[in-house]
Amino acid sequence: MTTRHEEPVLNPPQNEPPALQQQDKLINTFGYLILVIAVSLSAFQIWQGITSTISATYFRPVHLCWVLVLIFLHYPLIKTRQSVLYIPGRLVDLALCAVTVYAGYRMSIFDYNDIDHLLYGLGIEDLVAGCALLALLLEGCRRTVGWVMVLIAGLFLAYSAFGDMLPSAIATKAYSLQELIQFQIYSANGVFGSALGIAATTVFIFVLFGAFLEVTGAGKFFIDLAFSIAGRYRGGPAKAAVLASAGLGSISGSAIANTVTTGSVTIPMMKKLGYKPQQAAGIEAAASTGGQIMPPIMGAGAFVMAQFTGVPYSEIMLASIAPAILYFFCTLLYVHLMACKLNLQAVSRTEAVWQVMKQGAHHLIPLVMITVLLMMAYSPLLVGVAGCAAIIVTAGLRRHSRIGLKKFIAGMKNGALLALPISVACGAAGIIVGVVGQTGIGLQFTQFVMEFSGGYMLVALGLISIVALVLGMGLPVTAAYIVLAVMAVPMLGDFGLPLLTAHLIVFWLSQTSNVTPPIALAAFAGAGVANANPMKSSVEAFKLAGGLFIIPIMMAYTDLLNPQASTLEFVFAIVQTAAIILAIAIAIEGFLMQALSKWERIIAIVTVPFILLNPLNLGMVAIGIIVVLVFLQWRRAPQAKVQSQP
């Protein structure tokens, strides 16, 4: 949901009416208040990350209440400053902040070791505080994430309260308000579960890490480096957008922010080169979405996955390298096919790689450092804190990237504000996780999908993909992953898939929320930069991000993620996946080095099930057919051998 945020009015017009001058003073007051609270939150998070002084039982409520106060100040109830309701709306925001502080105070003094609340119920003040906090969380979600998340969380709460009224197949015990608040607020099973725990620690620190990268100029360095590598090839700006998004997106933690950041440079250049506006927006959105699955720092859901599975983050990172590279191979392939069909050429001149590295190679030091530390199985939270410190230190090595107090404060503020939607989304997702655990609806969902699929894993994966598409229309990535993980992972386990494989499949499918029509947030952000039709942009992004659906299937059917597989089996899985991506791409686009005939497109698509399922060991034959198609295209397009562009 797009909202207008509070920023100080530094130079208000002198001839404004008194009412508007009062509003400007109020806006300035709120702007500085937001600055102080946001910087304080970042400082508190760093301090907690280093010392871990406050136990998780009390730290998570403090974090959530701090975040909610900042949301009510930063995302006003009445967004139009000229409205007569603006000042009353701001008073309501302040009242909500006061209620949040009160609820947080009650959480901080609650004695979790006293079992009286389990035997006799909550006291009236604790019950009121719990109800208020639940309502405030949903309101904070509405302001930052949108209505869909609120409605889904509300639907699950209603199921917990009135489940006994439903048909017997999906009925459950009806829980009282006391039981619901005890479970959701005064335990670690609901709002303050592991999802919010990860958002309040590791995810927040890495979002802050990304904010410091931006203020030190590291983001611009990655974009320049990508252009120096790929800009001289056919469709260079588009390929540079993919590479820049792979590098920047893997550390920014936000596909939407990455789309706007890199897209402000790459989208105009793509349009100038000849890409249609919706194509430029779709390319940037698909590439930025891929940044969420690219190590070393993947999306927030990857840290939640480490908590859910008990698998060290370093193992998740290692397992994700090959699939992530294959995803970007898929995106680059579509970008290249578009460039060939439109007969686009390279940009006239690009800066040499060595010149870019000479100016900004020091920005790579923090990335190398955090990658090494994560591989050495250090705590991701401490690695993130060390990474933030390393950015500031290394930026100081060169005069042009050195930051002063003003930029440091800007980084602290931006990091806190960027983390707001993630924290409240994880808190709301905790409601869903809590209801699933309390009512057992997850088991019913598993049984339903198993029965409907007829025991065929491919059908079950298709059903999960549909659920992911529906969730992706309104939920942010992390929330969609948490819901899918709770509901679908047990079912995938019934098919014999290892726990990490099942979670990675679900994690990949949850990424579709950024590129799935009719609500594709990253594609819409790209459309805004490109001045393109949002729906057409989302369709292009959906096509370019096809790897999000193809690769999870290959994870299930091949040795792409199997740690027991031999090197030969692993390489064959990579070849299988690349061949399927190529076959589908040329069948859809009808073009490789030149236009394909109808029969060539049919042959390409027919090879897909043989490569996937490898019946009677015919997979290699099908791969050979794709190789022959590529060879014939190369032979029939002699100009391709003369041109230097790939």
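How many nonpolar, polar and charged residues make up the lining of the second largest pocket? In this predicted model, the lining divides by class into 18 nonpolar and two polar residues, with no charged residue present. At least two lining residues come from each of four helices, namely α6 (147–162), α19 (441–453), α20 (457–472) and α21 (477–494). Helix α6 makes the greatest contribution to the lining, supplying five residues.

Helix packing was examined next for α14, which spans residues 313–341. This helix packs against α24 (residues 534–544) with the two axes 9 Å apart and an angle of about 120 degrees between them. On the α14 side, the contact involves Cys 330, Thr 331, Tyr 334, Val 335 and Met 338, which meet Glu 540, Lys 543 and Leu 544 of α24. By class, five residues of this contact are nonpolar, one is polar and two are charged.

A further contact of α14 is formed with α16 (residues 364–375), where the axes come within 8 Å and cross at roughly 115 degrees. Helices α14 and α16 are therefore roughly perpendicular to each other. Helix α14 contributes Tyr 313, Ser 314, Met 317 and Leu 318 to this contact, while α16 contributes Thr 371, Leu 374 and Met 375. The contact of α14 with α16 comprises five nonpolar and two polar residues and has no charged residue, whereas two charged residues take part in the contact of α14 with α24.

Across the whole structure, 16 aromatic pairs were found. One of them joins Phe 44 and Phe 59, whose ring centres are separated by 5.7 Å and whose planes stand at 35 degrees, a tilted arrangement. The two residues are 15 positions apart and belong to distant parts of the chain, Phe 44 being located in helix α1 (residues 18–51) and Phe 59 in helix α2 (residues 56–74).

Methods. Residues numbered from 1 in each chain as written. Predicted model: local features only at pLDDT ≥ 70, side-chain atom pairs only at ≥ 80, totals over all residues. Heavy atoms only, no water. Nonpolar A, V, L, I, M, F, W, Y, C, P; charged D, E, K, R; others polar. Axes fitted to C-alpha atoms, helices over the stretch in contact; angles between N-to-C directions. Contact = heavy atoms within 4.5 Å. Phe/Tyr/Trp six-rings, centres within 6.5 Å; stacked < 30°, edge-to-face > 60°. Parallel < 35°, antiparallel > 145°, perpendicular 65-115°, else oblique.
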